[in-house]
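Hi everyone, thanks for making time for this. I'd like to walk you through a structure and point out a few spots in it. Please have a look at the screen.

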Amino acid sequence: MRFRDRRSAGLELVAELRPLLDPGDTTAMVLALPRGGVEVAASVAQALQLPLEVLVVRKLGLPEQPELAMGAIARGRVMLNRDVIDAAGVTDQVIRQVIAQEQRELLRREALYRKGAAPLELAQRTVILIDDGIATGSTALSAIRGVREEVPRRLILATPVASTQALDLLQSEVDELVCLAAPEPFYSVGASYDSFDQVSDREVTALIAACNHNTTVGHAT
C-alpha cells in the first residue's frame with residue numbers, strides 16, 4: 001500500500017479512526033509527533049473537527065550513526081536502548097552529551113510550535129497520537145509512555161505505515177492501534193510515500209494554527 005503524500009495518508013486514517021470515537025466525547029484531541037506527523041495529523045484533525053497539538057520527541061542517535069536510535073526523550077522522560085548502546089560501545093559521557101543536545105532542540109521546538117501556550121493537559125482526554133510512520137518504535141514508545149504519565153482517558157496510536165517489529169512492540173502500550181500498512185520487508189517510512197519531502201518549522205506552525213482556528217486545546221470538559 002502506497003500513499004501519495006502525508007496529507008492524503010491522513011485522510012485514509014480518518015476512515016479507520018472515525019468508528020473508534022464516541023460522537024459525544026468532547027475530550028478528544030489529536031496529538032502529532034513533529035515534524036512529519038503534523039501533516040498527517042492535520043488531515044485527521046480537520047476531518048474529525050478536533051483540536052491539534054504537538055508532542056515533541058527527540059531521537060537520541062548514535063554519534064557515528066545519528067539515524068540509529070539509542071533512545072529517545074519526551075516530556076522530561078529519557079528512554080535508552082541498552083542493547084544498541086552496548087553494541088556500539090557508547091560511553092556514559094557521550095550519552096549525556098547527546099541527551100543535552102537533543103534536550104536543547106526539544107525545548108526550542110516546543111517554544112516555537114506552542115508559542116507560549118499553557119502546558120499541555122492530557123489527563124482524562126481521548127488522545128489520538130499520530131506519526132507519519134514508525135520504523136523501530138523507540139521514539140513512539142517514548143511518546144506513548146510520556147502521554148501515559150498524564151493518565152489520559154484513552155490513548156489511540158495511529159500511523160499510515162509501520163514495521164511489524166514496531167507494531168509488536170507498541171500494540172500492548174495503547175488502547176487502540178491503527179496502522180494502514182505494514183510492508184514486508186520494511187525498508188523505510190519514506191518508501192511507502194510517493195512524496196516525502198521534509199516538513200519545515202514554518203509549515204508545522206501554520207498547520208497547527210489552521211487546525212485550531214475554531215477549536216481550543218486545554219482542559220477536558
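I'll go through a helix pair, some aromatic rings, a few backbone details and one lysine.

Before anything else, please keep in mind that this is a predicted model.

Let's begin with the helices. Two packed helices are described by the angle between their axes and the distance between the axes. Here the pair is helix 2, residues 36-48, and helix 7, residues 201-211. Their axes are 10 Å apart and the packing angle is about 10°. Angles under 35 degrees count as roughly parallel, and helix 2 and helix 7 are therefore roughly parallel to each other. Who makes the contact? On the helix 2 side we have Val38, Glu39, Ala42, Ala45 and Gln46, and on the helix 7 side Val204, Leu207, Ile208, Ala210 and Cys211. If you sort the residues of this contact by class, you get eight nonpolar, one polar and one charged.

Now to the rings. How many aromatic pairs does the structure hold? There are two. One is Phe3 with Tyr193, a tilted pair with 5.6 Å from centre to centre and 45° between the planes. Phe3 sits in the segment before helix 1, while Tyr193 belongs to the loop between strand 8 and helix 7, so this pair ties together parts that are 190 residues apart in sequence.

Are these two residues buried or exposed? Buried means under 20% relative accessible area. Phe3 comes out at 0%, so Phe3 is buried, and Tyr193, at 4%, is buried as well.

The other pair is Tyr193 with Phe196, also tilted, at 5.0 Å between centres and 35° between planes. Phe196 has a relative accessible area of 31%, so Phe196 counts as partly exposed. Put together, Phe3, Tyr193 and Phe196 make one aromatic cluster.

Next, the backbone. Where are the cis peptide bonds I'd like you to see? One joins Pro34 and Arg35, with omega about 5°. Arg35 is in the loop between strand 1 and helix 2. Another joins Glu184 and Pro185, with omega about -5°.

While we're on the backbone, which residues have a positive phi without being glycine? Gln124 is one of them, with phi about 60°. You'll find Gln124 in the loop between helix 4 and strand 6, and at 42% relative accessibility Gln124 counts as partly exposed. Val151 has a positive phi of about 60° too, and its place is the loop between helix 5 and strand 7.

Last stop: Lys59, in strand 3, residues 57-61. Its relative accessibility is 27%, so Lys59 is partly exposed. Leaving aside residues up to four places away in sequence, Lys59 touches Pro66, Glu67, Ala69, Gly71, Ala72, Glu102 and Thr139. Lys59 and Gln103 are 44 residues apart in sequence, and their C-alpha atoms are 10.0 Å apart in space.

Technical notes:
Residues are numbered from 1 along each chain as its sequence is written. This is a predicted model: local features need pLDDT of at least 70, side-chain atom pairs count only at pLDDT 80 or more; totals for chains, interfaces and linings use all residues. Side-chain values use heavy atoms; hydrogens and water are left out. Axes are lines fitted to C-alpha atoms, for helices over the stretch in contact, and angles run from 0 to 180 degrees between N-to-C directions. Helices (H or I, at least four residues) and strands (E, at least two) are DSSP runs, numbered from the N terminus. Angles under 35 degrees count as roughly parallel, over 145 as roughly antiparallel, 65 to 115 as roughly perpendicular and the rest as oblique. Contact means heavy atoms within 4.5 Å. Ala, Val, Leu, Ile, Met, Phe, Trp, Tyr, Cys and Pro count as nonpolar, Asp, Glu, Lys and Arg as charged, and the others, Gly among them, as polar. Rings of Phe, Tyr and Trp (its six-membered ring) pair if their centres lie within 6.5 Å; planes under 30 degrees apart count as stacked, over 60 as edge-to-face and the rest as tilted. Buried means under 20% relative accessible area, exposed over 50%, partly exposed in between (1.4 Å probe, protein chains only).
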